[in-house]
Structure formats: C-alpha cells, structure tokens
Amino acid sequence: MDSVPPDLAQAVLGLPITTRRDLAMALLWSLPRSDIVSFGTWAASMLQKDIIGSLPPELSFHIFAYLDAADLLRFRLVSHTWARLVDDQAVWAQQCAAHVPPIRPLPCTWADLTVRRQLLQLSPEASWDTDESLPAFASGLEEYHTSDAAGQITSRRAASGGRISGVGKVWERTNGLPFYAQSPSLSASSSPRPPEIQDQLIVSHLALPTSIPRPNYKHLYLTHDMLRRRMCARTRAHPPSLAASPGARRFPRPYVLNSSSSIRAGGLPAHAESIYSVCLIHHAMAVTREGPDELAAADVEGLWFDPFAHMDLTGPTPTVAPWPDKRVGLRGARQSQTLVFTGRDWLLSAARDSTLRLWQLACPQPRVVKVFFGGHESSVLCHYVVELPLHQGKGKGVGKSRMLAVSGGSDGLICVWDIEGGDGRPEYSWRAHDDSVLFMRGDDERIVSCSKDRTIKVFDAHTYQQLVVIGPNSSNSHRASANALHVTKEHIISASGDRTIRVWDIRTGALLANVDAEMRGISNIAFEPATRSFSLPLAPGTTASSPTVLGTIVAGSSDASIKVFYLVRTQDTSAHMSIAEFLVMEDEEMGGGASAGRDREAGERRRSQRESKKDDTIMIVPGHEHWAACACPSEVPRPDGVRCPRCLDRGHHELVRSLHIGEEVILSGSYDGTVKIWDRHDGQLLSSLSGHSTGRVLCVTGDRMRVVSSGIDSRIILWDYGAGVDTAFVEP
C-alpha cells in the first residue's frame with residue numbers, strides 16, 4: 001500500500017462500489033497466477049476466524065454443553081481442533097449429567113471388565129436380524145459404525161422411513177475390545193454413501209494406569225442412546241412366511257432358558273412346572289453351594305460339570321479346553337467340594353415345584369447355579385430380593401450387607417432365603433395368611449404381603465414380627481382378593497379384584513386414597529416413585545399450589561386393558577376435579593362407616609384436610625390408557641373414529657398378568673402368550689414379543705438391556721437388547 005500514490009488511492013476509494021468491484025477483478029486477473037494464489041491464501045486467513053478454537057478449553061466445553069449428541073458429532077467435521085475438543089471427556093461427562101435422568105457409570109473393576117470383554121468374544125452371533133422385511137433399530141437418530149477396517153467410526157442420520165441405506169451398524173470386538181464395524185445392509189439399496197463423521201476407536205474405558213477402570217463417557221452416552229433406540233423402536237409383526245421358514249430368527253431373537261439349556265451350560269436342571277415369578281438381580285455376589293450334595297438333596301438326577309473350570313479368563317483372549325471325557329458323577333470325588341459362583345448379573349425364579357432357582361447370567365450361557373428348597377409346601381407364587389445390612393449402629397461389620405430373597409406361596413407361608421450362603425434351605429418361615437400369598441414387596445425395614453384372604457400385612461424385616469394388618473373385616477378394606485401391591489417408605493399401594501386401587505399409611509394402615517379404576521378386576525399393578533419433581537396442571541380458578549407427583553401407577557385388568565394413574569400430594573382437592581368428585585362420592589358411599597368400625601382417626605384427619613385445605617392430601621389421578629392399532633381381520637365392521645368392537649384397540653386379548661415400568665417403556669405380559677412393549681409417555685404399542693410355546697405369560701420383568709418373561713410352559717424367555725454391545729459401565 002505504501003507504493004500506491006495517495007491521490008490514486010483516494011480517487012479509487014471514491015468510486016461507486018460496483019465500479020470498484022469491477023476494477024479489483026480486472027487488476028486481480030492481470031497479476032501472475034502465483035500472486036493470485038498468495039492473495040487467496042492471505043484473504044482466507046483474514047476472513048476465517050476460529051472463535052471456538054481460540055477460546056480456552058473450559059469456555060469451549062461450556063458452549064458445547066448447550067448442544068445435543070447429534071450436533072456434537074456433526075461439529076467434529078469442522079476441523080481437527082473442534083474434533084479434539086468434542087472428544088474431550090469433560091464434554092461427554094456434561095452430556096451424561098444433563099441427561100434426564102442423569103447417566104451415571106456403573107462401578108466396575110478390572111476383573112469385571114476382563115470378564116465382560118471375554119464374554120463378548122464367547123457370545124454367539126448378534127441377535128439382531130438383518131432381513132429386509134424387518135425394521136431397523138436405527139430410527140430417527142445418528143448411527144455409529146466404522147468406515148474401514150482400521151476401526152474408524154462414521155456416523156450419519158438414518159434415511160427416511162427409519163431404514164439405513166448402504167452400511168448398517170453392529171458392535172464387534174477385536175483383541176478383546178469393542179468397536180464399531182461394518183455389517184450387512186439393512187436396506188435393499190446397496191449404493192455406497194460418503195461418510196460424514198470420522199472418529200477413532202471408541203472403547204468403554206480409558207487406558208489410564210489407575211486401580212479401577214475409568215469409564216469413557218462418550219462411549220457411555222452413545223451406548224445408552226443405542227439401547228434406548230433399540231428398546232423403543234416401533235416394530236411390526238413378523239410375516240407368517242418369515243416366522244414359518246426354516247432357520248428364521250425373531251427380532252430380537254429370544255433366548256430360551258430351561259433345563260436342557262442349563263445342563264448344556266454346566267448348570268443344574270431348571271424348573272419343570274409353571275414359573276410364576278422372576279426377578280433380575282444386579283448386585284456383585286459370590287454364591288456358594290455344596291456341589292453334588294445339593295443335587296442329591298434336591299432329588300435331581302444327572303451329572304455336574306463346570307465349564308469355567310477349563311476356561312482361562314486371565315489372558316488377553318479367552319481359551320477353552322476340551323470338555324473332560326469322564327464327567328464327575330453325584331457320588332464322585334467332588335461330593336464335598338464347595339463351589340463358588342461370582343458375578344453381578346443374576347436371575348431368581350420361583351415356580352409351582354415349590355422351589356426357587358438362581359440363574360447366573362454373567363457366563364457364556366445362562367445356567368442354574370443354586371436351588372432353594374424345603375420351605376414351601378406348594379407353589380411359590382411371588383418373591384422379591386432385598387439387600388439387608390449385617391449390623392446396625394456402630395462397630396465392626398457396619399457397612400456390610402447380604403442379599404436375601406423373600407417368597408410367598410399358595411400355602412400361605414412366607415420364607416426368607418440367604419442367596420449367597422446357606423445350604424439352599426430357608427433361614428426363617430412362618431404362616432402369614434390363611435390363603436395364598438399373591439404378591440409381596442418390601443425394603444430393608446418392612447415386608448409387606450397381600451393375600452387371597454383379602455388382607456394386607458406388614459412385618460418387620462429383621463425380627464419378622466407382625467406390625468400392621470389391613471382387612472379383611474373393616475369397611476375400608478378390599479372387597480375381593482388383594483392381587484398386587486407396592487410399597488414406599490410411607491405408603492402401601494394395593495389393587496384388588498374389586499376394581500379399586502387404594503393407598504394406605506404403611507405405619508398405621510389408615511386408608512389415604514381410593515379410586516375406582518373403571519376396569520374389570522385388577523390383576524396386577526406396577527409402581528415407580530417419581531425420580532424427579534414435577535407437577536400436574538391446576539384446574540381453572542385454583543389458587544393452591546400444584547399437586548406434586550409422588551409416583552406412577554400402571555394397572556392391568558382381566559379385560560385386557562392397561563391404564564396409568566398418578567399418585568399425587570396436594571393441598572387442595574379441587575386442584576383436580578375428577579378426584580374431588582370421587583372423594584365426595586366416597587364420603588357419600590361410606591358415610592356411616594366410621595361408626596361401624598372404620599378408622600375414626602384417619603377419617604377425621606382426611607375430613608379436616610379437605611375442610612382446611614392447608615394440610616397435604618394424597619390422591620390418585622387418572623392418566624392415559626394404553627392403546628394399539630387393531631390387528632383383527634379387515635372384515636370386522638368398524639366405523640371411522642370408533643374402537644374395534646372385537647379387541648377395543650387394547651393390544652392384549654386376554655388378562656394382563658404382569659407389568660413392569662422401565663425408564664422409557666412399560667412391559668406387560670398376558671394370558672394371550674405375548675409380551676408387549678409400550679411407550680411410557682403416550683401409551684402406544686411399540687412392539688410385541690412372543691416366544692412361549694404354550695400360552696399364558698405369568699411374569700415379565702426387565703431392565704435397560706433385557707426383557708425377561710416366564711409362563712406355564714416352565715420356560716424363561718430372555719430378549720437381549722444389548723447383544724454385541726460393551727455394557728460394562730451401563731447401569732441396568
């Protein structure tokens with residue numbers, strides 16, 4: 001600029017903008033090519049300013065905290081600097097903390113991580129079908145997979161219709177570590193698509209020299225997202241031709257757990273009769289058993305061998321020696337040997353054969369490792385697992401705990417079992433009810449049971465002394481068998497064949513709330529306390545504070561319907577008009593009950609709350625009803641906008657026997673032989689699972705990675721939604 005005469009520069013700058021633009025272009029093209037390239041480089045450096053890259057990393061992380069995972073993965077494409085910032089653990093730790101509910105890593109040891117990696121290598125092929133007629137589990141969000149054999153990861157949005165074009169996604173393993181790899185196409189289109197996002201190998205832990213493994217928060221977040229999308233994917237029914245074709249697999253493939261599968265895996269025989277109850281246990285345990293002696297005591301014939309005895313679980317890759325030619329019999333040299341089984345994934349089942357059986361899931365194939373017997377005289381109908389501290393107060397041993405199972409049977413007995421130790425016989429048992437114990441729940445303070453005799457009883461979890469009895473002769477008790485219940489530290493929520501859901505004070509047994517579910521007899525309920533505080537909308541003109549939701553109640557009925565209710569606490573019963581009308585109706589219906597044996601103190605307290613509108617009142621607020629698209633034949637007449645007269649769009653066709661509430665879904669099992677997965681937020685059917693050879697699913701449970709059901713065919717069916725995924729740090 002110093003070589004330009006000032007008068008010339010002033011004259012040029014005084015020209016109109018269009019004239020200056022044309023003059024600049026003419027001057028530019030009059031220069032040599034090398035000068036044009038240098039000028040372009042200089043202009044680009046002056047115009048491009050990386051504000052994010054020039055900031056301190058802490059400020060960049062704070063900006064990235066306002067983005068979701070999909071935007072972060074797209075931002076990685078901007079530059080190497082942005083890719084390095086996005087991959088920082090602080091960014092993904094913020095994503096995990098901001099998630100609702102927060103994503104927290106499961107505590108894990110190096111031994112747990114080693115076993116998990118080796119089990120991934122020993123696991124059979126992924127259970128996710130790639131048939132074109134089945135929908136992909138990649139609906140609507142980013143997909144993560146590798147673009148080449150070097151382990152790079154590409155991520156792109158699924159094509160329209162919820163399908164992936166080109167390369168699909170699975171999780172594979174190499175050298176004991178998980179990574180994303182190519183898989184067969186999930187779409188009819190095989191034309192390659194250019195990758196949009198490149199990434200390096202993602203493993204579940206950080207390679208740090210620490211005493212315990214540190215989680216990779218990026219892997220943790222993406223794994224949670226993948227499991228959620230798999231579980232919440234809307235799938236359609238299998239075509240009859242696909243289901244009947246040889247070798248056809250379901251989606252996802254069900255794993256059948258029975259006696260033959262357990263024995264093949266080196267375990268004990270499983271149940272031979274109807275399995276009424278199953279429970280997943282996510283707790284690190286060391287289960288001991290006196291090998292063949294217990295088999296003889298349980299009157300089980302067969303041979304016992306341990307596949308892990310010939311497996312090297314310490315090397316970089318697992319090695320399995322051939323099975324011994326001569327297996328050890330019941331009267332062999334191992335009769336007095338104490339066997340120890342370790343792990344943190346277990347399944348406890350209870351059946352009509354009067355036994356409970358513990359399944360070890362953290363092994364190549366699930367197997368029964370312990371049988372609990374000698375307590376019940378007939379069918380075991382229900383059970384739950386609780387962790388109890390070994391010592392109370394201060395001193396040596398404080399902080400230690402043990403896992404106990406509490407079961408109830410058709411004989412009216414309640415039995416307490418030591419899961420880890422003991423010889424398989426109950427620690428304590430007593431006759432709690434005059435009829436079948438239909439359902440049980442409890443915590444580290446109380447055991448609560450309900451029975452066919454219409455009573456609900458509360459026992460001390462340590463001394464087993466009876467604390468509270470509700471029913472059957474009081475006017476506010478259930479008028480039919482109490483079929484199911486759930487407990488909190490303050491309340492008991494019960495449901496009955498009399499169509500009502502009731503809430504009781506767990507300390508006094510006083511009735512706090514009662515609602516007619518407007519269903520046929522209620523066969524089961526599921527309850528989940530509210531994990532975060534939120535309120536329901538107020539009725540017009542209400543001045544009181546918003547009702548606080550204490551939990552969600554899901555009820556299943558013999559008419560195949562499923563409804564959602566909310567347990568709320570409010571200071572004004574007019575805040576929800578339907579509940580206010582019901583409370584008035586309840587008072588009119590039970591007006592003379594207080595003088596006829598009704599709990600006078602509880603009745604006066606409720607009346608004073610309604611009159612003063614200052615104290616908290618417990619209420620049950622109706623929510624939505626679950627619904628599904630009609631699957632009846634097309635010839636069934638159905639006017640527009642009217643439910644199907646045959647199935648009423650309820651999904652199930654028979655009694656809903658069991659319910660389970662998950663983080664994003666609700667599971668239901670029915671006498672029609674199916675397990676259905678429902679959207680928790682709107683009640684719409686997501687998918688229907690089948691796997692039982694004969695009808696009547698009796699129990700269903702699950703977690704973030706599995707769905708488990710049992711039925712009258714003496715089989716347990718497990719659907720693994722985490723197949724092929726390294727879930728070492730994922731909380732179930």
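Figure 1. Tyr 428 is partly exposed, with a relative accessible area of 38%; here buried means under 20% relative accessible area, exposed means over 50%, and partly exposed lies in between (1.4 Å probe, protein chains only). The model is predicted: local features need pLDDT of at least 70 and side-chain atom pairs count only at pLDDT 80 or more, whereas totals for chains, interfaces and linings use all residues. Residues are numbered from 1 along each chain as its sequence is written, and side-chain values use heavy atoms, with hydrogens and water left out. Tyr 428 pairs with Trp 430 in a tilted arrangement, with 5.6 Å from centre to centre and 45° between the planes. Rings of Phe, Tyr and Trp (its six-membered ring) count as a pair if their centres lie within 6.5 Å; planes under 30 degrees apart are called stacked, those over 60 edge-to-face, and the rest tilted. Trp 430 counts as buried, at 12% relative accessibility. One aromatic cluster is formed by Tyr 428, Trp 430, Phe 459 and Tyr 464.

Figure 2. The structure holds ten aromatic pairs. In the pair of Phe 64 and Trp 82, the ring centres are 6.4 Å apart and the planes stand at 70°, so the pair is edge-to-face. This pair links distant parts of the chain, since Phe 64 belongs to helix H5 (residues 57-64) and Trp 82 to helix H7 (residues 80-86), 18 residues apart. Helices (H or I, at least four residues) and strands (E, at least two) are DSSP runs, numbered from the N terminus. Phe 64 is buried at 0% relative accessibility, and Trp 82 is buried with a relative accessible area of 14%.

**Figure 3. Ile 456 in the largest nonpolar core.** A nonpolar core is a set of buried Ala, Val, Leu, Ile, Met, Phe, Trp, Tyr and Cys residues joined through side-chain atoms within 4.5 Å. The largest one has 33 residues, of which Ile 456, Ile 492 and Ile 501 touch the most other members. Beyond its neighbours within four places in sequence, Ile 456 is in contact (heavy atoms within 4.5 Å) with residues including Val 448, Cys 450, Val 468, Leu 485, Ile 492 and Trp 504. Apart from this core lies another, of 24 residues, among them Phe 61, Val 86, Ile 202 and Leu 222.

**Figure 4. Cys 450, a cysteine without a disulfide.** The structure holds zero disulfides, a disulfide being a pair of cysteine sulfur atoms within 2.5 Å. Cys 450 counts as buried, at 0% relative accessibility. Cys 415 is also buried, at 0% relative accessibility.

**Figure 5. Ser 204 and its polar contact.** Ser 204 lies in the loop between strand E4 (177-181) and strand E5 (205-206). This serine is buried, with a relative accessible area of 3%. Its side chain makes a polar contact with the side chain of Asp 726 (2.6 Å). A polar contact is a pair of N or O atoms within 3.5 Å; within protein, one must be able to donate a hydrogen and the other to accept it, and residues adjacent in sequence count only if both atoms are side-chain atoms. Not counting residues up to four places away in sequence, Ser 204 touches several residues, including Leu 113, Arg 214, His 219 and Phe 729.

**Figure 6. Leu 222 in helix H10.** Leu 222 is found in helix H10 (residues 217-232) and is buried at 1% relative accessibility. Leu 222 and Trp 92 are 130 residues apart in sequence, and 9.6 Å apart in space from C-alpha to C-alpha.

**Figure 7. Two cis peptide bonds.** The peptide bond from Val 100 to Pro 101 is cis, with omega near -5°. Pro 101 is found in the loop between helix H8 (89-98) and H9. Gly 471 and Pro 472 are also joined by a cis peptide bond, with omega about 0°. Pro 472 is placed in the loop between strand E21 (466-470) and strand E22 (482-487).

**Figure 8. Positive phi at Arg 499 and Glu 518.** Arg 499, a residue other than glycine, has a positive phi near 75°. It sits in the loop between strand E23 (491-496) and strand E24 (500-505). Glu 518 is not a glycine, yet has a positive phi of about 55°. Arg 499 counts as partly exposed, at 37% relative accessibility, whereas Glu 518 counts as exposed, at 64%.
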